[in-house]
Amino acid sequence: MLFDERPKVSRGDLYDRDEELNDILKNINGPMVVVTGIRRIGKTSVINVTLNEADIPYVLIDCRSLRDNYGRSDLYRLISNALSSSLDKLIDVLRRIRGISIMGNAVEIRWRGREQVSLAELFDRLNERRVVVVFDEAQRLRGPLSSEVLNALAHAYDFDRNVTFILSGSEVGLLYEFMGVEDPNSPLFGRYFHEVRIGRFTRDESVDFLRRGFKELGVEVSTDVIETIADVFDGIPGWLVYAANAYIRGVRDLSMIREATIREVLNELERLIRAKASYSTVNARRTALVLRCIASGGNTWSKVVKCVEDSEGKTVSPTSLNNVIKTLERLSIIENYEFLDPMYREAAMR
Ligand code: ADP
């Protein structure tokens with residue numbers, strides 16, 4: 001069903017994306033594929049469908065829930081849960097690993113003590129059969145364990161020919177920073193990976209997607225409603241699905257649907273700003289102001305400087321302002337002084 005609100009798992013439920021699916025499938029036998037794109041653009045859906053079609057056992061590690069300074073127990077719990085979900089396909093391999101216990105459907109990897117299983121060791125053992133390991137929102141792996149994770153990935157990259165990694169990330173700058181793409185000291189530096197970018201639907205695609213989705217459910221909708229949804233949510237499938245479902249549930253006032261999405265994004269934005277502004281209120285306030293300046297037309301460096309200085313009533317240091325803008329770019333909130341998601345733009349104006 002096109003309007004299913006969960007990430008899709010089969011090609012029939014996924015609108016378009018044949019090119020991206022085939023691109024990943026073509027590279028699934030290489031060591032590493034990186035899937036990038038803003039939140040709600042469909043990365044998880046594309047990866048799920050690919051994995052189903054490739055018919056290769058996989059372990060899907062969703063890093064979304066990792067806290068900023070996650071520890072080894074957090075990471076191992078996440079991987080244990082992912083292994084539990086793929087237990088039926090990997091049980092023969094997992095049973096042979098000392099330090100892994102299986103109780104019913106639950107896998108537990110020992111993360112300390114004598115029987116501790118290192119990540120590199122885990123990948124080596126998984127390598128006994130063909131497997132794809134997915135780290136969804138892999139930029140969340142940044143933190144005190146970064147180098148341990150990267151060393152394990154680099155080790156598996158070099159020695160575990162049966163293991164393919166898929167890393168996905170919606171904060172693209174942070175993902176590349178984690179991987180150390182430009183850092184000669186990073187264990188992954190210089191290793192080739194294939195990147196697949198997931199972009200937004202064009203307006204025509206959005207309209208067609210909405211038409212088909214409503215038709216599939218037998219819901220009559222005017223062209224006007226379809227075009228308004230397409231215009232407001234600017235080709236981001238997650239928002240199109242959200243709006244369509246709200247409409248189907250009986251919310252006929254599209255401005256209410258828009259409001260609800262803005263509220264959701266405001267929470268996300270506040271969390272991102274607080275986390276990335278080094279927990280300083282001044283930085284957080286400055287970041288929010290820069291966002292507001294860009295949202296209200298500040299599409300060049302000098303316009304943003306003027307807007308910030310007018311609001312703060314004082315001269316600002318170019319370095320600190322530049323840092324704020326760079327951070328917003330690394331988070332994939334803006335690019336070239338434009339918002340990548342129109343709902344973030346709306347939220348920034350509040
Ligand atoms: P991401 O991983 O990029 O955040 P998801 O795969 O979770 O995105 O998709 C967000 C929402 O949009 C989900 O409800 C999903 O079902 C829907 N969706 C994404 N891409 C498509 C698509 N191509 N066709 C239909 N629905 C999609």
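I found Asp55 in the loop between H2 and strand S2 (58-62). Helices (H or I, at least four residues) and strands (E, at least two) are DSSP runs, numbered from the N terminus. Asp55 is not a glycine, yet its phi is positive, about 55 degrees. I get 67% relative accessibility for Asp55, so it counts as exposed. Exposed means over 50% relative accessible area, buried under 20%, partly exposed in between (1.4 Å probe, protein chains only).

This is a predicted model: local features need pLDDT of at least 70, side-chain atom pairs count only at pLDDT 80 or more, and totals for chains, interfaces and linings use all residues. Residues are numbered from 1 along each chain as its sequence is written, and side-chain values use heavy atoms, with hydrogens and water left out.

Next I checked Arg40, in the loop between strand S1 (32-36) and helix H2 (43-54). Arg40 also is no glycine, and its phi is positive at about 70 degrees.

Then S1. I count 5 of the 5 residues of S1 as buried, so S1 is largely enclosed by the rest of the structure. Met32, Val34 and Thr36 point one way, Val33 and Val35 the other. S1 runs parallel to strand S6 (residues 163-169), joined by 5 bridges. Strands pair if DSSP finds at least two bridges between them. Val34 stands opposite Leu167 in S6. S1 also pairs with strand S7 (residues 194-197), in the parallel sense, over 4 bridges. There, Val33 has His194 as its bridge partner.

Last, I looked at what follows H9: Asp234, with a positive phi near 45 degrees.
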